[in-house]
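Let's take a walk through this one together. Have the model open and follow along as we go.

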Amino acid sequence: MTLYEELIERGLIAQVTNETEISEMINQGKATFYIGFDPTADSLHAGHFMALSLMKRLQMAGNKPIALVGGGTGMVGDPSNRSDLRNMMTIETIDHYCECFKEQMSKFIDFSENKALMVNNADWLRELNYLEFIRDVGTHFSVNRMLTAECYKNRMEKGLTFLEFNYMIMQAYDFFELYQRYGCNMQFGGDDQWSNMLAGTELIRRKLGKDAHALTITLLLNSDGEKMGKTAKGAVWLDPNKTSPFEFYQYWRNVADTDVIKCLKLLTFVPLDEIDVMESWQGEQLNQAKEKLAYELTALVHGSELAVRSRDTARELFASGGASDMPTVKLAASDFADGVVDILTLLQKSGLCETKSDARRAVDQGGVEVNGKKVEKVTVSFSAEECEGDGLIVRRGKKNYRRITLA
């Protein structure tokens with residue numbers, strides 16, 4: 001089975017511009033491709049997972065990835081699937097978010113020895129002369145055609161701003177620049193980016209007379225057609241300080257039965273023949289498949305040691321229905337000072353420690369965990385938002401657990 005055939009078998013590919021040429025380049029390791037990541041937060045999240053996994057998969061086959069961070073496009077904001085205008089961020093915030101992405105991407109992509117590139121489109125977009133740009137690039141775009149694009153539909157209902165209307169042209173110009181600077185011959189992205197990607201291939205053809213290609217990735221949706229990677233607390237982040245390794249593990253361990261095989265195919269590097277065997281599994285065997293999914297993804301993001309630790313903690317808690325029997329403590333608003341509660345108060349209120357002195361000793365001795373992550377300092381605190389939804393799982397010692405939620 002070729003790499004391209006495997007991508008199809010896993011269900012990763014949605015649309016392509018020229019399947020024959022794209023499959024040949026990918027299979028022979030001749031593709032220099034890019035995927036764009038706009039800095040909308042200080043961490044990547046589960047919604048980026050498929051793109052990062054695909055970049056890793058193609059790099060392992062000899063292709064060269066370019067990770068494009070949107071220091072320029074982030075100043076505009078992608079209107080795709082939006083019903084409102086994105087919050088405007090300062091340049092300092094955007095640049096900080098771009099820096100945060102680099103470390104996380106390095107867990108998936110090997111940037112050593114020119115095997116991959118990380119590029120910021122601020123390098124060319126922020127310096128553009130507006131009049132020169134619209135004369136040189138704007139003449140190649142039809143407004144009538146742009147308005148039919150899927151990426152603008154939701155915003156058109158409430159009023160598409162001229163700022164957002166420029167996003168397609170800017171993304172197309174990114175592809176044009178990357179083609180000229182680095183020989184980038186292919187763009188990958190989510191299926192909701194198809195119109196923007198086609199605009200890039202068309203701009204390259206019109207201005208340079210060259211062929212470039214686009215391939216869209218299947219969107220990560222659950223069996224109900226909703227985007228995966230969201231919890232009651234918000235996004236499932238790759239940053240362990242925003243979503244702990246245990247919470248990350250638990251998210252994937254608890255996916256619906258109807259979604260586990262699909263996620264194994266789309267997101268992991270488990271061989272297809274192993275996954276095919278799991279397709280007929282039911283009951284406890286299906287739970288083993290969920291464990292496999294959760295372990296593989298947690299190991300990929302947080303390393304095998306934390307993946308094993310998260311798995312062992314989850315087994316101890318949930319294997320015999322312990323999770324449903326776990327004592328739950330509800331905190332009142334009065335338990336929070338300036339919107340947060342410190343770990344010593346949390347341990348005392350939960351009943352895991354009788355006094356704050358006892359709580360301090362437990363932390364100093366390394367015997368306290370919150371959501372599978374060891375608490376290193378007695379000054380650690382948690383916000384009310386972190387206690388929403390499923391809340392926090394606090395452990396003292398090996399077997400003493402409490403679930404902390406809001407009243």
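What follows covers confidence, the sheet and its helices, a serine in a loop, and some aromatic pairs.

This is a predicted model, where local features need pLDDT of at least 70, side-chain atom pairs count only at pLDDT 80 or more, and totals for chains, interfaces and linings use all residues. Residues are numbered from 1 along each chain as its sequence is written, and side-chain values use heavy atoms, leaving out hydrogens and water.

Confidence comes as pLDDT, the predictor's own score for each residue from 0 to 100. The protein chain averages 86, with 91% of its residues at 70 or more. Helix H1 (residues 3-9) scores highest, at 96, and helix H17 (residues 322-325) lowest, at a mean of 52. Over residues 81-85 the pLDDT falls below 50, though this stretch still has 14 contacts beyond near neighbours in sequence, a contact being heavy atoms within 4.5 Å. Where pLDDT is low, the predicted coordinates should not be read in detail.

Now find the open sheet: six strands in the order S1-S6-S5-S2-S3-S4, with mixed pairing. Helices (H or I, at least four residues) and strands (E, at least two) are DSSP runs, numbered from the N terminus, and two strands pair if DSSP finds at least two bridges between them. S1 (13-16) and S4 (117-120) sit at the edges with a single partner strand each, so one side of each has no neighbour in the sheet. Strand S2 (residues 32-37) runs parallel to strand S5 (residues 186-190) over two bridges, and Phe-33 has Met-186 as its bridge partner in S5. Helix H10 (residues 167-182) packs on the sheet, touching S2, S3, S4, S5 and S6.

Next, look at Ser-244, in the loop between strand S8 (234-235) and helix H12 (245-253). Ser-244 is buried, at 6% relative accessible area; buried means under 20%, exposed over 50% and partly exposed in between, using a 1.4 Å probe on protein chains only. Its side chain reaches the backbone oxygen of Asn-371 at 2.7 Å.

On to the rings. Phe, Tyr and Trp rings (for Trp, the six-membered one) pair if their centres lie within 6.5 Å; planes under 30 degrees apart count as stacked, over 60 as edge-to-face and the rest as tilted. The whole structure has nine aromatic pairs. In one of them, Tyr-34 and Phe-175 have ring centres 5.6 Å apart and planes at 65°, so the pair is edge-to-face. Tyr-34 belongs to S2 and Phe-175 to H10, so the pair ties together parts 141 residues apart in sequence.

Definitions and conventions:
Axes fitted to C-alpha atoms, helices over the stretch in contact; angles between N-to-C directions. Polar contact = N/O pair within 3.5 Å; in protein donor to acceptor, adjacent residues only side chain to side chain.
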